[in-house]
Amino acid sequence: MTMKTFPPLGEISDALVTEMSQAAGEPEWLTAQRVEAWRFFASAEPPYWRRTDLSKFRPEQVIAAADTAATSVYYEEDLTEKGVVLVTLEQALRSHEALIRQHLGAAIEPTRHKFLALNAALWRDGVFLYVPKNVTVELPLTAVFSMPIPGGAIMPRNLIILDDGANVTFVEEYHSTAASDQAFAAPVTEMFLGNDATLRFIAVQTWGEDVYHIGAQKARVGRGATIEWAAVNLGARVQHIEAETSLEGDGSRVEWVAATFAGDHQNLLTAPWLRHIGAKTEAHMDFKTVVKDQSYTTFDGMIKIERQSRATVSRLEEHALHLSPKARSDSIPGLMIDTNDVARAGHASTSGEVDEEQLFYMRSRGIPRDDAIHLIVTGFFEPVLDRIPHDALRRRIADMIEAKI
Amino acid sequence: MNSDLVINDLRVSVEDKEILKGVNLTVKAGSIHAIMGPNGSGKSTLAYTLMGHPGYTVTGGEVWYQGRNILELEPDERSKLGLFLAFQYPVAIPGVTVANFLRAAINAHRAEEGKDPKETAIPMAQFRKQLREQMAALGIDEGFARRYLNEGFSGGEKKRIEILQMAMLEPSMAIMDETDSGLDIDALKIVAQGVNTLYAQHPEMGVLVITHYQRLLNYIKPHFVSVLMDGRIVREGGPELALELEEKGYDFIREEVASA
Ligand SMILES: Nc1ncnc2c1ncn2[C@@H]1O[C@H](COP(=O)(O)OP(=O)(O)OP(=O)(O)O)[C@@H](O)[C@H]1O
Ligand SMILES: [Mg+2]
């Protein structure tokens, strides 16, 4: 397959961004957005992230894909009959320009940091998912992103829009077929849930060992709507994911689980933000981390209960399991409460080695130590794996976890 | 090879405190042997030590079983040798279902050096059938197979699941540490029946029953009763000893020991 690419980032100009956008037949507003974002990227300092190691990362040399070869979509039922749209975002510009214009960048501000601006300037990959009012899609929809050129870069942009009462499962998967040289992914996913909509969102990151993944995801959740969000982070050299759920509508809910397993010298950070804005919003977060070898993970969470929210329920659990003494996991949970009307807010956190009592119990049944650790680790992740809708994907993830232990 | 469990002058410390101070005890193959004793006398310490809990330091003595000094074996090796401990306080294993746990345990027992574990693993259908039957016999709802092991189980449910594991693993030497505590009277009968059935099917099996109460011994009838007090076996006898203890309490033995 021939690939269209940009020149190395160090050689891109405003003029080239304009030219390529126009050549693709994009609307003017989008060309203008891209140029503005590019200018921000070109002039902004790299973000200072204490816990994400970018010291060996050379963005000037990055060669970004300039077509959608890295994006594949999968679905198993007839979507057109129901008016459901799942195509690349590029394609959707031709059919749903107004919806895209209204939503693109409406969840994630492109100028929050340099790499978000880079995504806004250069995205070509990415999908557009639209589910009309009161439509339920039974079977999961999937977008898979793979690295098309060794050592290259992709910047997928995903826009997920659920109209009122819509109900769907969407899986986004970042996946390498082989380990490669330094490669770079900077995906952005924006999700909009109308009133009473339900989204099961599964984000799976299983890159090869030399990928830098700097991503952002945000869901804006309408009145009475529910998002069930499950994240699996297994791959990449360095991961920096800023994820946010904004419970804007009254009675909106999130069930948010994550499984992170780092080994070798992996440096994986997840920064989940949760904002309670509407009344009677409810959040349950359960984040699980396993570290091994000399890896380093960070849970950099923040729960913000805004002034206007009332009768909020918010529960955060985060647990880390250490399989070797040199591995490190940091947990920095933050809580900001601006209201006097919280129904329940709680936080539980544990961090430690595999429990000796559990190990002894299992060994007393004949299970050898290593097998017992396998069972404990897979059991630890079970609440997350349980939410993965495809058997094949669940098995592949379970196998990857097994192999890492 | 000797299928009796022979404990010779066993001394055990926890955090530098000596708990077992020279225990001598033989649990004969094919016998049911009760151990009674006041709280804190070292009964659970003995049970844990026999199974190889790493928190208990053996400072002296030997425990012989099947021709091996089992104190030199890892807990999983002891299990494969036929030992089983029904815990007084079973631990929860989050995310691991009862069925998966049991299958892992059974397959660990069936594993053979140099053979592909897939070859020796129990066929799924056979496992399911066996599990269903044993659960039914112990009055355990089928739904428990899919629940995470001991997570959120009531005290009584945990004890039944311990006996379920015992029935599935068919040990040749079973130690039951206060399996009766936390059981209501109906559950007690069912659990005792489970043990008796297993014993009837395996008459060569040895059973070491740790309990405070005669109540259990009405259903699981011991051939021998030993009394553990302050880290030593201070009295041995037949079933009548348990009845005597029930009637008089431990004081009369304490006095005997003191005057001896
Ligand atoms: N892990 C431990 N750490 C500290 N002390 C311990 C530990 N395990 C046992 N002990 C002490 O050893 C002594 C014997 O305890 P053990 O649990 O063996 O008694 P027991 O006879 O089983 O009592 P019970 O009838 O209450 O179950 C007690 O004084 C107890 O406090
Ligand atoms: Mg005890």
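This is a predicted model: local features need pLDDT of at least 70, side-chain atom pairs count only at pLDDT 80 or more; totals for chains, interfaces and linings use all residues.
Where in chain B is the place of A145(B)? A145(B) sits in the loop between α5 and α6 of chain B.

Start with burial. A145(B) has a relative accessible area of 11%, so it is buried. The cut-off explains the word: buried means under 20%. Now look at what surrounds the residue. Leaving out residues up to four places away in sequence, A145(B) touches T97(B), V98(B), A99(B), L131(B) and M135(B). F101(B) and A145(B) are 44 residues apart in sequence, and their C-alpha atoms are 9.5 Å apart in space.

Helix α5 of chain B covers residues 124–137, and helix α6 of chain B covers residues 155–169. How are two packed helices described? For α5(B) and α6(B), the angle is about 135 degrees and the axes are 10 Å apart. The two helices are therefore oblique to each other. Their crossing is right-handed. Which residues make the contact? From α5(B) come F127(B), Q130(B), L131(B), Q134(B) and M135(B), and from α6(B) come L164(B), A167(B) and M168(B). By class, this contact holds six nonpolar residues, two polar residues and no charged ones.

Helix α5(B) also packs against α3(B). Here the angle is about 120 degrees, with the axes 11 Å apart. So α3(B) and α5(B) are oblique to each other. This crossing is right-handed. On the α3(B) side, the contact uses A99(B), L102(B), R103(B), I106(B) and R110(B). On the α5(B) side, it uses M124(B), Q126(B), F127(B) and L131(B). These residues divide into six nonpolar, one polar and two charged.

Now find the metal. Which residues coordinate the magnesium ion (ligand 2)? They are S44(B), through its OG atom, and Q88(B), through its OE1 atom, at 2.0 to 2.2 Å.

One more stop in chain B concerns the backbone. Most residues other than glycine have a negative phi. E178(B) has a positive phi, near 50 degrees, and is not a glycine. Its place is the loop between β7 (173–177) and α7 (185–201) of chain B. Is E178(B) buried or exposed? With 9% relative accessibility, E178(B) counts as buried.

A311(A) lies in the loop between β18 (302–305) and β19 (312–322) of chain A. The relative accessible area of A311(A) is 25%, so this residue is partly exposed.

Stay in chain A and look at a strand. H213(A) is in strand β11, residues 211–221. Its relative accessible area is 2%, so H213(A) is buried. Setting aside neighbours within four places in sequence, H213(A) has contacts that include Y174(A), P187(A), W207(A), V238(A) and H240(A).

The last stop is another helix pair. Helix α6 of chain A (residues 356–363) and helix α7 of chain A (residues 369–385) pack at about 120 degrees, with their axes 9 Å apart. That angle makes α6(A) oblique to α7(A). The crossing is right-handed. E356(A), Q358(A), L359(A), M362(A) and R363(A) in α6(A) meet R369(A), A372(A), I373(A), L375(A) and I376(A) in α7(A). By class, the contact has six nonpolar, one polar and three charged residues.

Helix α7 of chain A also holds D370(A). Is D370(A) buried or exposed? D370(A) is exposed, with a relative accessible area of 56%. Finally, pick out F40(A). D370(A) and F40(A) are 330 residues apart along the chain, and 51 Å separates their C-alpha atoms.

Terms used. Residues are numbered from 1 along each chain as its sequence is written. Chains are lettered from A and ligands numbered from 1 in the order in which they are written. Side-chain values use heavy atoms; hydrogens and water are left out. Donors are N, O and S atoms within 2.8 Å of the metal (3.2 Å for Na, K and Ca); water is not among the atoms, so sites may look incomplete. Axes are lines fitted to C-alpha atoms, for helices over the stretch in contact, and angles run from 0 to 180 degrees between N-to-C directions. Helices (H or I, at least four residues) and strands (E, at least two) are DSSP runs, numbered from the N terminus. Angles under 35 degrees count as roughly parallel, over 145 as roughly antiparallel, 65 to 115 as roughly perpendicular and the rest as oblique. A crossing is left-handed if the near helix is turned anticlockwise from the far one by less than a right angle, and right-handed if clockwise. Contact means heavy atoms within 4.5 Å. Ala, Val, Leu, Ile, Met, Phe, Trp, Tyr, Cys and Pro count as nonpolar, Asp, Glu, Lys and Arg as charged, and the others, Gly among them, as polar. Buried means under 20% relative accessible area, exposed over 50%, partly exposed in between (1.4 Å probe, protein chains only).
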